[in-house]
Structures are given as C-alpha cells and as structure tokens.
Amino acid sequence: MAEAHSPAQHQADSHDLIRVHGARVNNLKDISLEIPKRRLTVFTGVSGSGKSSLVFSTIAAESQRMINETYSAFVQGFMPTLARPDVDVLEGLTTAIIVDQQRLGSDPRSTVGTATDANAMLRILFSRLGQPHIGSAQAFSFNVASISGSGAVSMERAGRTTKERRSFSITGGMCSRCEGRGSVTDFDLSALYDDSLSLREGALTIPGYSMDGWFGRIFSGSGFFDMDKPIRKYTKKELHDLLYREPTKIKVEGINLTYEGLIPKIQKSMLAKDREAMQPHIRAFVERAITFTTCPDCDGTRLNDGARSSKIKGLNIADLCAMQISDLAGWVRDLDEPTVAPLVTGLRHLLDSFAEIGLGYLSLDRSSGTLSGGEAQRTKMIRHLGSSLTDVTYVFDEPTIGLHPHDIERMNVLLLQLRDKGNTVLVVEHKPEAIAIAEHVVDLGPGAGSAGGEVMFEGTVAGLRASGTVTGRHLDDRAALKPATRTPTGVLEVRGASTHNLREVDVDLPLGVLVVVTGVAGSGKSSLIHGSVSGRDGVVSVDQAGIKGSRRSNPATYTGLLDPIRKAFAKANGVKPALFSANSEGACPACNGAGVIYTDLAMMAGVATVCEECDGKRFLAEVLEYTFGGKDISEVLAMSVDEAREFFGAGEARTPAAHTLLTHLADVGLGYLRLGQPLTTLSGGERQRLKLATHLGETGGVYVLDEPTTGLHLADVEQLLGLLDRLVDSGKSVIVIEHHQAVMAHADWIIDLGPGAGHDGGRVVFEGTPAELVADRSTLTGQHLAAYVKG
C-alpha cells in the first residue's frame, strides 16, 4: 500500500495575506505591514494616529478604485473618481465593503424604511395583497406624487409629421398637503419683518436680506410696493405681493431678474435643507420664525387617503411603518401567503436582521437624520448580515459607538460570524471589549497627527498587553469609583417627558455636578436630554452631528480663531484684514487660495499639483511680506495648536482672543493639529473634539455632551475626564449621555434608563451615585459597571 503523502499546498491557497508596503497617505510614515486574510484584525492607536488613513484611505480605497477600473470608461464617467493612494505596493486585496460612521442622509424624506429597502418590499406587498387594490407599488410611496395630464404629441414617421393625442396618469402615495414630509410649516410673520419700518429702513429681519445689495434692487425695481411706506400700512395686495407672490420676471437697471414672495423664497432656500446642516444664524432664524406641526391631512404618516385605505389583515402600510420593528417582524412571520412567498421571506429576513443587530426598537417611519452615528452604522450593516458573499474584506469604523456594554457583546458575535463565513474583517476600534476578540492587532502611534503614523506593534492581544505601547499600557485601565461625590447646587426639573418612547418620565437632574445619563441603545437617553433639556435657556448642547467642512476649511476658520489673528495682522501692518484670508482678497489668483491646482480628468482620477505661483502657501506674495511677531500668515497657519498658543500667549504677538481659543483646543487634546490643516483630513474623533472646543467658550450654565468619548483612545479618556472636572469645578453643570464605564465611574450622579430598548424602555430604572448603582446591580448597566470596576 502506497504511503499517503500530504498534498502540497495549491498555489492559489498561498495568497493568505494582505501586504502593504510603503504607505504614505496623510500622516503615515512609509509604513509596511502584513494583515492575515479570513481573520479579524483590529487597528488601535490614539485618535489621529493614522488608523483611518491606513484602513480606509489606503487599503479600502485602493480595493474600490481597482473594482471601478473593471467597468468601461463610459460607466466610470458616472462614478466618483478615486486617486491611487500614495503607497508603493498593495498585494492580496479582496473586494472591500466599507461600513463607516457617515450619517445617513438627513433629507426630510429619508426614513429607516427607505434607507434599508424595507419600505420598497412593503410597498410591493401592499400592491399585491392590499384591499382595496389601488395601484402599483408607487401608489404606496410618500415620495411619488399623483399626477395626470394629456395633450397632443408631434412625431416624425416615414418623413411625415403626425400628431397624436396622448394622456398619462401616475398614482402616487404622497400626501399633497405636506408633500410627503409628514409636517407642515407655519410662519410667524413678526419674525420676518418689523411692520413699523419701511423696506428701505430695513424692516426685513431675515438673514442675508439686506437692502444694500441685490435684494434691495429687486424690491425697489419690482414696483409692487412703496419702499418708503411702513409695512403695517400696506394694502392687502401689497402684503400679498411681499409675502406670497409667485415667481415673476422683472427688469431692473436693464437686467432680467425674477421677483418672488418672501415665504416661497424662504421655503426653497432654507426649509428644503435639513436643520442640522444649516449655519447657526440661519438655524436660529428658522427656529424663531417657523413652527413645524404635524400635517393635519395625513396625521404625520406622509401618505394620502388612497394609500392609507388599502389594508392587509386590518392594517395599512402607515400602521406597519409606525410599529416597532421587532413587532412588525412578528406580524410578517404570521403572514402566510404562498403567492408572495419569496417577498415575505426576504422581508422577514431583513426585519430579523434589525433585531439581531440590536435595532429592533426602531420603527421604519423614523427619520434617518435622527439616527445616531452608531445606529446609522449598524443600519448599514444590515444588508451584509445575510450576504452569501465570501472572501470579502469588511471594513468597520468603530462599530461599538453608541453601544452599551451589553450590546457590544452582541456586536462582537456578529463580527465573528462575518469572519467565520470566510471573510477578512478589519476593525478600527478603541474599546477593550472589542479589541479582546481580535486574532491580529495593529497598533499605530506613538502620538497623533505628525507625531503618529508608525506601526508600534503587530501581533496578538496578549502581545499588545505586554508591548509597552500607549494602547498596551492602557488596555487594562479601570477607572475607580470616586471616593466622594460633589453636592448638587440645585436641580433641573423634567416633568412628563414623552418624546419618542419615553413614558411620561419625571426626573430631577442635579446641577453643579457631573451627571451621566446611560442605558442600553434605544432606551430613551437622547430623547430625554435632547427632547426636554437641550432647548432651554443657558443650555449649551454639543451633539453628534458631523461638522461640515470643505478642503478650504481648517481648524482656524471653523473655530473662528482666524478672525482675531487676521485683525492682529491688519492692525500691525495698517492694512485690511481681508488680505489675510486665503478665501478672500489675499488669495493667490493662480490657485484661488487653495494652495493646489486641481485638474479634472473625467473618468480618470483628478490630479492635484502644488501651485507654482505661491508654492502651496495659498497667499499673494505681497501678503507674505506683512509679518506679526516675526511670522507671516502662512507660517502662523503651519503652526500646531501648542506652538500657536505659546506664540500668541506672550511677547509682541500677544493676542488674548486667539490665545483663549487655542487653550480650548489644547484642553480637548488637539494640541498637535496644525491651524491650517484641511478639515477633510481630520478623523471622526478629532472633528467631534474640535466641535466641543468651539462650544467651551460659550456662556451657558449647563453643558450637554452626547457621547464625548466617541473616537477617543483609552489614554485620551483620562484627559476628557479631567476636562469635565474642570468644567464642573468652574461652576458649570455637565450632563453627559454616555456608555463608557470610565465616565460612569467618574460621575457624581447616574440616571439609568431602560430596562430595554424601544417600547421595553423609556423609564428611569435607577437614580443615584455610581457606588449605589454598583451595589444595587439591578440593572444591566449596574451589572456591567460592577464587573468593570472589579476588573
């Protein structure tokens, strides 16, 4: 009998590593590493150390670019163009699927159902089974309006022109009153204008509507009203023309223009945008001038009478979308209809995935713009859970954000399930509970920004613990319970809170101390704080909404730091402040102040070359001749926050206004950022802390922070706790919505919501000190905090 030989490894099975050689994207310092395929690899390191640059901007970006290149040039012309990352060699890549923290579009028409295909399936279900039958699937869509028309159509046939009469009609589900938004707007006219003044005297109080510019010319040139007559003396017709007139062509000083009433103009220019995306002064105006009320015609369902009249088992599509998803899954499970079996199976699987991922407490009609970063990320995960694809690289950006320790265990199971199907799972993560399940760890550092970008450690979790890197040293950090808690100076009363799933909650939030509001995801924390506390006078709210910023924006422009710096330069040199702005008069004309010239190459990746005129400095040569404290404006923008703080803090360059803002940036741990660094290069954690820094100078007695540990390394959490302590010690009250046990342990008072999510939550299950919560252990939070403190 021949001896059995173990077969040699097949050549195709030898490619079991992703090799990165010479990566230099953003702050990466020519790094090389090997990542095992079909394993779970976690990337760690302080915020800004280069994790996202390596995982997203190098590995995932190159994978997506190469897949795009397999399409024809015609198709590529319609796709986003991606430049090749700055890396020497990338081998062994597989198809990358990115599940990031980018918020789902906050369009007022977008809901959880439309974002996940659940609504599309329900619409088909109703178009087949709904009684009475009212039409196709679009008859149940709140984004399709009912429309009909008829007329003559001219056509060329065999060299002759013939006319035919045609008519068409589309049955949509959109409520005509609110246009599928679910809410209607009412205007408080007293907030639009002061009726005791005339237009020429500046009666309009709408941001941007100045009589000195084009608006003034259009109003005076329209001839619809007397510019010198107080608005309260207008006739009915004049007032109608001012407020409601349809777009009308007019000629002003020989130029063709369009005049439109104030209200339709505001609706198009301001109300079409999501409130979160507005500039602060415009948002303040909208909140003052406009009230959003539930549409009386559709009762907030967004659907017209026809769509709501068709039912299955006594329920219409709006009833189902309003249900908690875990309840809706039960309803679908009981639906036994062989004629639509494949559709019901697909819908059942999709809804079960919501529950599996811990989002069963949502409803399909929930606006996607109201989801937190963690909820949005998990919603994107849903479509991948049941996928039959294997040998795919899944890339996750902090999947534990917004998750209670209890939910992190479930997320870990899901990540391991994806790996067990034969996929490579790459996770950028800070939480020790998530790092613990890694088979391979890559630790970047040693610092952030220009002090990072190097591989400090590669290996197992046990090896990381013993490695002596910043992450290794802090991996087993456990914040101890405070031996003594502060005494409140008063209370902020919340009575009868009923936003979303809250059940008439009455709670007293102590003032003058650090209060942590916690509970499982979906228990009602954000609903309680943002619904009943954030809007009050003297409350400064720092939420999780992403900060908007183009490649022209940088920390200096975003925080307003550039204003005092420009004024100081202008005063010292006796010139205009606008000269020291790269977005205004001081901009290099060749690159328009961008520092680089972008060349669009259609479906090929665009090329950015450093501007030869200004050598990338963004300013006119004559502007750079003006100095302040021995530095020109481009040298100041190249400084780090810490260097600039020293520069503007003393000596001839002393500028107190700039120094104060720089101190706030240093306080939140951003001392390493360069003032002129484009916002597009900042990581998620850095952006949130930049936002926090801008709010630190505001005058308010109560600070509300929504998960400030998002994107923070274990070592930075300590610094954040120090900042929170300083805020409280300076006489502020700080309320933090948080899941991180270190913040809970550091609190003076904890309010725990639950016991579950959705309709199983919405109640206060514990109020007291962290020590009492640990001793009590009656809630999920208490059990996890007790385990954490005991270590």
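**Notebook: a walk through a predicted model**

I began with overall size: a compact globule of 791 residues would have a radius of gyration near 28 Å, and the protein has 30 Å, which agrees. I keep in mind that this is a predicted model.

Next I looked up the extent of the C-alpha trace, which spans about 95 × 85 × 70 Å along its principal axes. I then noted 28 helices and 25 strands in the protein.

How much of the protein is buried? I found that buried residues make up 50% of the 791.

Then I visited Phe-78, in the loop between helix 2 (73-76) and strand 4 (87-91). Is Phe-78 buried or exposed? Its relative accessible area is 64%, and the cut-off for exposed is over 50%, so I call Phe-78 exposed.

My last stop was Cys-614, in the loop between strand 21 (604-610) and helix 21 (633-637). Its relative accessible area is 7%; buried means under 20%, so Cys-614 is buried. Which residues does Cys-614 touch, leaving aside its neighbours within four places in sequence? I listed Cys-588, Cys-591, Gly-595 and Phe-619. I also looked up Glu-201, 413 residues from Cys-614 along the chain: their C-alpha atoms are separated by 45 Å.

Methods:
Residues numbered from 1 in each chain as written. Predicted model: local features only at pLDDT ≥ 70, side-chain atom pairs only at ≥ 80, totals over all residues. Heavy atoms only, no water. Helix = DSSP H or I, 4+ residues; strand = E, 2+ residues; numbered from the N terminus. Buried < 20%, exposed > 50% of the residue type's maximum accessible area, 1.4 Å probe, protein only. Rg over C-alpha atoms; globule rule 2.2 N^0.38 Å. Contact = heavy atoms within 4.5 Å.
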